[in-house]
Amino acid sequence: MLGRCSLMGSQEFIDLLKRLSEVFGPSGFEDEVRDLVIKELEPYVNDLIVDRWGNVIGIRYGRRRDLKAMVAAHMDEIGLLIDNIDKNGFLRFRAIGGWNEVTLVGQRVIIKTTDGKKIKGVIGSRPPHVTPPGKEREAPELKDLFIDIGASSEEEVKKLGVRVGSVAVLDRGFEVLNETVVTGKAFDDRVGLAVMLWTARQLKDSEVTVYFVATVQEEVGLRGAQIAADRVYPDFAIALDTTIAADVPGVNDREFVTRIGKGPAIKVMDGGRGNVFIAHPKLTNFLISVAEELKIPYQLEVLIGGTTDALGIAFRRDGIPATTISIPTRYVHSPVELLNINDALNGARLLTEVLVRADERFIQELREKTIKG
């Protein structure tokens, strides 16, 4: 059974996360991630499907095919989309997903060309010494940034295969900082994929049939999860994602949301401004009871401002009980993110045990009840 572990004992998981982190896959262009997920998932499921929008659905049959659990983790990462090439060869771009512009200046990027080649570049902005007085310390807006690939003209850019509509991601490698802490790009949500794939390996027997779903386009509106939920129509669903770990200098305890190294987070609520998602209370209580029974460290998560595939799943058809297991991550939606692998491994352990313990009695508690008629 997985528990607290050292770097030595978790090297296989780290290797999996590294492969997932470093692959190219912004929203709508998840092809490389999809190929890797298929390779990693195929040995551990009975059926494997790619739907018309690119979601990967792996079905692991349990003792009961009429009892269905859905596990979802999104393949896409935030990225950039080229929307203009000027006469001097500089590329203007729009955000795919939510970026903090401050983190983008001076970053290296990788652009995928029309024929699949990778072109490297750097994000530039107006140099501070030619910025109008009083504006030097203002954060740049996205519209003021550009990508420089070393080209001198629009024609040169197009010859390289870059055009309007080409997409880019940040050029960042995966690094191990110490015994348990790692850093890299796109942990949102490649760590969720790693937890899902690790669970598929560990799950030996269950009463429920499990649908492992790697979704597309979460960062731009939970698109793939909605499609997959309509197709699978499970009795309950658990999304896997990152959450904010703001346990850094200058932030008070209440605003931490979670802390790294203190266990996976069980979702209570997220979202904001009229789009609040409250996790299904019976699922929340079930996850808590399993964690406490097995002494798996966990945190309770209330996140104001973001959401996960659970929201995209929950309100399809006549409603699907849904929640999220979140992996605390520092610097989410920035060029480089940081997490403790024990949180991810304990997240996989919690998910595995929940799937093992989800029986007919529990699912009947989640299903609709006819009171009269």
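Q: Why does glutamate 360 count as partly exposed?

A: This is a predicted model, so the number is a computed one. Glutamate 360 comes out at 33% relative accessibility. Buried needs under 20% and exposed needs over 50%, so 33% falls in between and the residue is partly exposed.

Q: What makes the link between the side chains of glutamate 360 and arginine 64 a polar contact?

A: The distance is 3.1 Å, and the cut-off is a pair of N or O atoms within 3.5 Å, so the pair qualifies. Arg64 also turns up among the contacts of glutamate 360 beyond four places in sequence, along with Leu67 and Glu207. Glutamate 360 itself lies in helix α9, residues 360–366.

Q: How do you know whether histidine 74 is buried or exposed?

A: Its relative accessible area is 0%. Buried means under 20%, so histidine 74 is buried. You'll find histidine 74 in strand β3, residues 64–74.

Q: Which side chains make polar contacts with the side chain of histidine 74, and how do you know they count?

A: Aspartate 76 is one, at 3.0 Å, and glutamate 218 is another, at 3.1 Å. The limit is 3.5 Å between N or O atoms, so both pass. Beyond its neighbours within four places in sequence, histidine 74 is in contact with a list of residues including Asp188, Asp189, Asp241 and Asp309.

Q: Why is the pair of phenylalanine 13 and tryptophan 198 called edge-to-face?

A: Start with the count: there are five aromatic pairs. In the pair of phenylalanine 13 and tryptophan 198, the ring centres are 5.4 Å apart and the planes sit at 90°. Phenylalanine 13 belongs to helix α1 (residues 11–22) and tryptophan 198 to helix α4, so the pair ties together parts that are 185 residues apart in sequence.

Q: What makes phenylalanine 13 and tryptophan 198 count as buried?

A: Phenylalanine 13 has 0% relative accessibility and tryptophan 198 has 8%. With the buried cut-off at under 20%, both are buried. Elsewhere, Phe236, Phe286 and Phe362 form one aromatic cluster.

Q: How do you know that arginine 65 lies over the face of tyrosine 61?

A: Arginine 65 is at 3.7 Å from the ring centre, and the distance limit is 6 Å, with an angle limit of 35 degrees from the ring normal. Arginine 317 lies over the face of tyrosine 233 in turn, at 4.2 Å from the ring centre.

Q: Which residues touch the most other members of the largest nonpolar core?

A: Val37, Leu193, Phe212, Phe236 and Leu240, out of 61 residues. Helix α4 (residues 187–202) gives the largest share of this core, nine residues. As for phenylalanine 212, its contacts beyond four places in sequence include Leu41, Val45, Met196 and Leu203.

Q: How do you know that strands β14 and β16 pair?

A: Four bridges join strand β14 (residues 265–270) to β16, and at least two are needed, so they pair, running parallel. Lysine 267 has glutamate 301 as its bridge partner in β16. The covered face of β16 holds Gln299 and Glu301, while Leu300 and Val302 are on the uncovered one.

Notes: Residues numbered from 1 in each chain as written. Predicted model: local features only at pLDDT ≥ 70, side-chain atom pairs only at ≥ 80, totals over all residues. Heavy atoms only, no water. Helix = DSSP H or I, 4+ residues; strand = E, 2+ residues; numbered from the N terminus. Buried < 20%, exposed > 50% of the residue type's maximum accessible area, 1.4 Å probe, protein only. Polar contact = N/O pair within 3.5 Å; in protein donor to acceptor, adjacent residues only side chain to side chain. Contact = heavy atoms within 4.5 Å. Core = buried A, V, L, I, M, F, W, Y, C linked by side-chain atoms within 4.5 Å. Phe/Tyr/Trp six-rings, centres within 6.5 Å; stacked < 30°, edge-to-face > 60°.
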